[in-house]
Amino acid sequence: MCVVLQASRIKQAAVEAGFDLCGICRVRNFDAEKKFFEGWLERGCDAGLEYLRRNVDKRFSPAALMPGARAVVVCGVVYKNDTSLGYGTAQGVPKVASYARSADYHTSIKEMLYDAAARLGLREEGVRFRAFVDTAPLLEKRLAVEAGLGFIGRNTLLVSPVAGSFLLLGELVVDAEADVYDAPYQGPGCGACRRCVERCPAGALTEAGLDARRCISRLTVEPHPEQVPALKDRSAVCTAGWIFGCDECQSVCPYNVKAPCFVNPRFAPLFHPGELAAGEWLAMTGEEFGARFGATPMARSGLERIKELLKR
């Protein structure tokens, strides 16, 4: 007998696991998005990030990641905090993207997804599932739109009309149907607003999408920045004072100005960048960095890369 999951139970389990948003959509292929992505890769906009060129077919077909998949439960959690919209009077300090101030979200969200699955009793009911965060080749922002959570804005991020874009996503792909599916988001989007495009210090947001060759987050977070195509002089690349990630395009979004801050304690900041001057970062030892930031996403880039950015 086929198991049919109750949407109301799914959403309640997601809330109990600590998520702020939850929607459910059917599994389907995304052929139009695949065609756009392939063109984006051909133009070199991936900035040498080889992982984006792997598993392209799977990225646009959730059933390829889990054969037999029927539904996707898309969950979102707010991480907006006191530096998400800017640093106020703390000018000139090395800046860190607000998501990187708390414990690594990959671990937190994976645990929350498994918590939701346990609350639903998926294993007991014989429902196969896989839990995904953004390290997997899953088209999570598009799936979030399909699940009614929001739209993809000019900043290329998912924007919720109630929670803004300071959102982290996670997904449960299941081999069972839901009794009710959410309608794809059809509400207002960015309209004529171009604040994020105009605010980007590096001009990375274009009419054809994100050009990661100019994106500050790519240049400060992702591996091998020296391999970014078309960058002959890295010292000339704009990082606008950011040493890990960037919140510029989000900080001016009207949806974010009115959006709530985090409520899940997992996403409470562990430090405040405004309390650390450049000299303190430069004088920091590897042991000190590990003790203070080892549990955060900043461990990905490491202290030496931060020091390199500060010395430029």
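**View 1. Helix α2 and its span in the predicted model.** Helix α2 covers residues 31-42, twelve residues in total. From its first C-alpha to its last, the helix reaches 17 Å, close to the 16 Å expected at 1.5 Å a residue. Gly44 follows α2 and has a positive phi, near 80°.

**View 2. The buried residues of α2 and what covers them.** Phe37, Gly39, Trp40 and Leu41 of α2 are buried. The cover over the buried residues of this helix includes α3 (56-59) and β11 (209-210).

**View 3. Ala192 in a loop.** Ala192 lies in the loop that runs between β9 (177-178) and α7 (195-199). With a relative accessible area of 74%, Ala192 is exposed. Pro260 is 68 residues from Ala192 along the chain, and the C-alpha atoms of the two are separated by 24 Å.

**View 4. Cys196 and Cys190.** Zero disulfides are found in a search of the whole structure. Cys196 is accordingly in no disulfide; its nearest cysteine sulfur belongs to Cys190 and is 6.0 Å away. Cys196 counts as buried because its relative accessibility is 10%, and the cut-off for buried is under 20%.

**View 5. Cys215 and Cys200.** Cys215 is also in no disulfide. The nearest cysteine sulfur to that of Cys215 is the one of Cys200, 6.8 Å away. Cys215 has a relative accessible area of 16% and is therefore buried.

Terms used:
Residues numbered from 1 in each chain as written. Predicted model: local features only at pLDDT ≥ 70, side-chain atom pairs only at ≥ 80, totals over all residues. Heavy atoms only, no water. Helix = DSSP H or I, 4+ residues; strand = E, 2+ residues; numbered from the N terminus. Buried < 20%, exposed > 50% of the residue type's maximum accessible area, 1.4 Å probe, protein only. Expected span 1.5 Å × (residues − 1). Contact = heavy atoms within 4.5 Å. Disulfide = S-S within 2.5 Å.
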